[in-house]
Amino acid sequence: MEEKQEKKRIGVYICHCGGNISDYVDVEQLRDIVSNEKNVVISKNVMFACADSNQKEMIKDIQEEQLDGIVVASCSPKLHLHTFRNVAERAGLNPYNYVQVNVREQCSWAHSDHPDQASYKAAGLIRAGIKRVSHSEALENIQIKAHKSVVIIGAGVSGMRASIDLARMGNQVFLIEKEANAGGQIAGKGKLFPTEQTGKMVVDTLMDQIRRLPNITLFTEARVAKVTGSIGNFKVDIVIQKAQDETISLQAGSILVTTGYETYTPKEGEFGFQTSPRVITLDVFDRMIRECEGKLVYDKKQVSSVAFIYCVGMRQSKGDNKYCSRTCCTSTIHSSLVMHEKFPRIRALHLYRDIRTYGKQEMLYEKSSKAGDIYLMFQEQHPPHVESSGDQMKITVKDHLTGKQELDVKVDLVVLVTGMVPRTDSNQVAELLKIPVGSDKFYNEIHPKLRPVETVINGVFLGGSCQGPKNISESVQSSLSAAAKINAIIRKETIELEPIIARIDAEKCTWCGKCQEVCEYDAIFQVETNGKLVAAVNEAVCKGCGICTPVCPYDAIDLIQYTNQEIEGMIDGFAQDVELKAREREEGAAHEEGGVMMKDFPQLWRSIMDVLDEGPKTIPQIALKLSQPAELITWHMMTMNKYFIVEPAGIDENDEYYRYQLKNKA
Amino acid sequence: MKTMDLSFSEEIKRYGSEDFYTCYSCGNCTAVCSLTEKNANFPRMMIRHGMLGLKDEILSSKELWLCYACGDCTETCPRQADPGHYMAALRRYAIAYYEPTGLTRLIFKSNPFAIVLTIILSFILGLFLFTLKPDHEVARWIFKWLPFDVVHDMGMVIFILTGISMVIGLFNMFRHLSGKNQPAKERRNSFFQIMRHLADEFGTFRRYQKCDREEESFWQTKPWYVRPWAIHWTIMWGFLGLLAATTLDFIFKDPAMKIWWPSRILGTVAGLLMMYGATLALWYRFKRITKSYSESHLADWMFLGFLWVAGLTGFWLEIAVAFDSDSVVNHVTFLIHTVISMELVLLFAFSKFAHAIYRPLALFFYFREKG
């Protein structure tokens, strides 16, 4: 790699952040130090670097002074990196020639007790930033061609619904289903809350729409055999089970995984499952309700009382399934109500640990208790005991709502409420796609709140309950959100990716394969150049994590934006000696005495202090007295509070606002 | 180990508590109840026992009778389970259960039955009254059909059966209450102390007064003499006063004709007290002035109504006697007065009236434990 030209014309902006930084960090002195740095042609102090006026000034500076690199020493890059990259771009400078130095979170805020040392640290960080920008390179985003097609794995309600939206947005959709029919778990369900449509009706409606969309191809009895390629250009091989297996290769810009869940199967003997008669699971019970007419009959006996035992196999403090399946409380109560409607006068007992009928589903709970259902609360360490007793089942339970008394009751049927668990074959799919699996063995998204449907594999998305227990609405919500994300990526048929990835120096590389071994994303592959085997990086897959760079014995890999040159330059910059004159800060000395000298106060502070001389007042009262906006007074009061000039003096009569008083008055 | 009875809540429903099983055991009722003590957990636990059908827990609970139905729990219940009226329904259930004939169950569960029974009974009592004056022409006409002895004996038998039912009911309750959670010897009050507590409670209604002391209570702004405890006090002492006056009359076998005779004065004052209380109580129920008066069972109306009619006709007769007015109207009034009074006594064990023996017994057990 040839030495790049060092930048000659660098601009540095040091932000006050309205006092947030300048109160502690000696920004004026830092500017003086920086202005003497090599290649720095502009160095400025600014009140708010992010302010519109300053952004305009920076653009003017870049253009007039022909700056080739800029550094802003301000807040965290999380806040304003993109702001200043945009400033650079608008001024005609490559945005990657911009470096942000964080002197607020890392200096003034973190070291407000030691302002001189905060300044010292800031000096090092800013110099490191200058060194870094002087070695930075102009980069363009990576452009990748994308197929306008999507493979959706799993034709349950989530996959079906997403396929319809993706197809309507003009994409080719390949919907892959393992079973003989689409519909998944929902197809077999009876009436569903809150629409009271049956599962079959829901699935039929979706199927009807799918049939009418020519750009959806549904493959049933098909399995994914192999997945290669990357975002924009995945190749998915599927095997269709026929008399003779048939393999088809599909090309897709993106993959949506909607493989769903399985229902927990109780262990033999768990609450008498399989070892006692008259113990069934909720699924079987639902089917019974659907199939029986006139009276509810199980094993030739009419059922007049049912006990539901909740959380079977779920929320285990010792077992694998630590989580709450969150849909089963509602399902059970709903089943109980459907039962009451069809077979009146059956008594229902609910043995629960906590009822989690969140949102509107709470209404079901209320309806059920109004219908006379009895709820008994047990704790995990004292599970109900189930045994057969004549032609009934006898349950013994320690009810927490009855003073933890041990109670027994005979019922005709025991229904075990089992929750959602990951599919037994979920690991196979995870391995094919390399999507991570969480401790609950469901698939993991990148961030549960901020990136809830994306996986760490670019272009692979999650929808529905393969990600964790979800009800139908939540499943469809997530798969539709994934559909929208997918469409946003592939609709332009090109994908732009950040260029911060690993780069291999083919001259130095001798292909030892170490980098390929450590790469978690399979982004490194072997190529032959000039008759020599070397490593190459798949730009679409590389995440720029940098794990390959230290393992390379020949130093042939660099992470763009974090090249050796840049990092070493930063270390040099940081390690350089800093000579700071102790700041002349009367107020600094005054801090310890608990006050600030009067001459430093803004006029407004003095007015506020005059008002407070009359006695404690709330901020709105002060604002009214001084005819100033309350926001302004709030801002100043908070600062005065910080400097121990004022202090809170209890809340006002209406419990609305805090009153403040002068500190030395107290 | 206690065995649940899933059909029990249906049973309680028939005693007039509609929605108690919507309770989700939040405990607000217990928190707000001014009479809950230590770990009593009522009314919540009472509801729980009813939902689960733990009959024995209910029948052996003195707490049931410690409640004066102020209605604070009903006001605070977030599920509209109406714990206040549930407690009243449970008391009806307990009365019906302690009483051995099963008649009370029919009366409380079926309003038509209660009404028909009352009417038939008043007819029989009317007949019985004629047996006191067998030479009356109507009586002679009746005895053509029904021999005098049969009517008289039947009446006596009914009265004796009522008395026996009452005694058995009281014994049943005693059996249930004494079988459960008795305080250790050193925690017990002596019989004398218990009696002192009981006398204090009945004299002052100290516990009942606690009910109206909630700061935001409706009664907080009202004078003491219209508050529920005072109303109850006047009805109770008024009735007891009348009972005493009647007994005195009976002992001296000579109705006190002169107005200044002590038993006459006692009767007049007690009658006024009872009329005052019964009138206000009926008015409160009629106007549904608070939650606790908002839902009245037929048993409530009948009990208060009978007291009121008996009182009113009593005063009518007093005036009639004072003016020595011997008219048909007055004779009929006398008949009504006597029939109603006899029904009150006759149905004592089978009506809301029975609380007058059960509550003291519960209080007896309550005061037995040192507090």
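Two residues are in contact if their C-beta atoms, placed from the backbone, lie within 7 Å. Keep that in mind for chain B: among its contacts between residues at least 6 apart in sequence, 72% join residues at least 24 apart. What you're looking at is a predicted model, where local features need pLDDT of at least 70 and side-chain atom pairs count only at pLDDT 80 or more, while totals for chains, interfaces and linings use all residues. Residues are numbered from 1 along each chain as its sequence is written, and chains are lettered from A and ligands numbered from 1 in the order in which they are written.

**Chain B on its own**

- Chain B comes out as 18 helices and one strand; helices (H or I, at least four residues) and strands (E, at least two) are DSSP runs, numbered from the N terminus.
- A compact globule of 371 residues would have a radius of gyration near 21 Å, and chain B agrees with its 22 Å (taken over C-alpha atoms, with the globule rule being 2.2 Å times the number of residues to the power 0.38).
- The C-alpha trace of chain B spans about 65 × 45 × 45 Å along its principal axes.
- Of the 371 residues in chain B, 35% count as buried, meaning that 20 or more other C-beta atoms, placed from the backbone, lie within 10 Å of the residue's own.

**Where chains A and B meet**

- Here 15 residues of chain B are in contact with 14 residues of chain A.
- On chain B's side, strand S1 (2-3) and helix H3 (44-52) are the elements that give two or more residues, and H3(B) gives the most, with four.
- That side of chain B divides into eight nonpolar, four polar and three charged residues (Ala, Val, Leu, Ile, Met, Phe, Trp, Tyr, Cys and Pro count as nonpolar, Asp, Glu, Lys and Arg as charged, and the others, Gly among them, as polar).
- Strand S22 (residues 405-411) of chain A runs parallel to S1(B), joined by two bridges; strands pair if DSSP finds at least two bridges between them.
- In this pairing, A:Leu407 stands opposite B:Lys2.

**A sheet in chain A**

- Three strands of chain A form an open sheet in the order S9-S10-S11, with antiparallel pairing.
- Strands S9 (222-230) and S11 (246-252) of chain A are at the edges with a single partner strand each, so one side of each has no neighbour in the sheet.
- S9(A) and strand S10 (residues 233-240) of chain A pair over eight bridges, with A:Thr228 opposite A:Lys235.

Methods: Buried ≥ 20, exposed ≤ 12 C-beta atoms within 10 Å, placed from the backbone.
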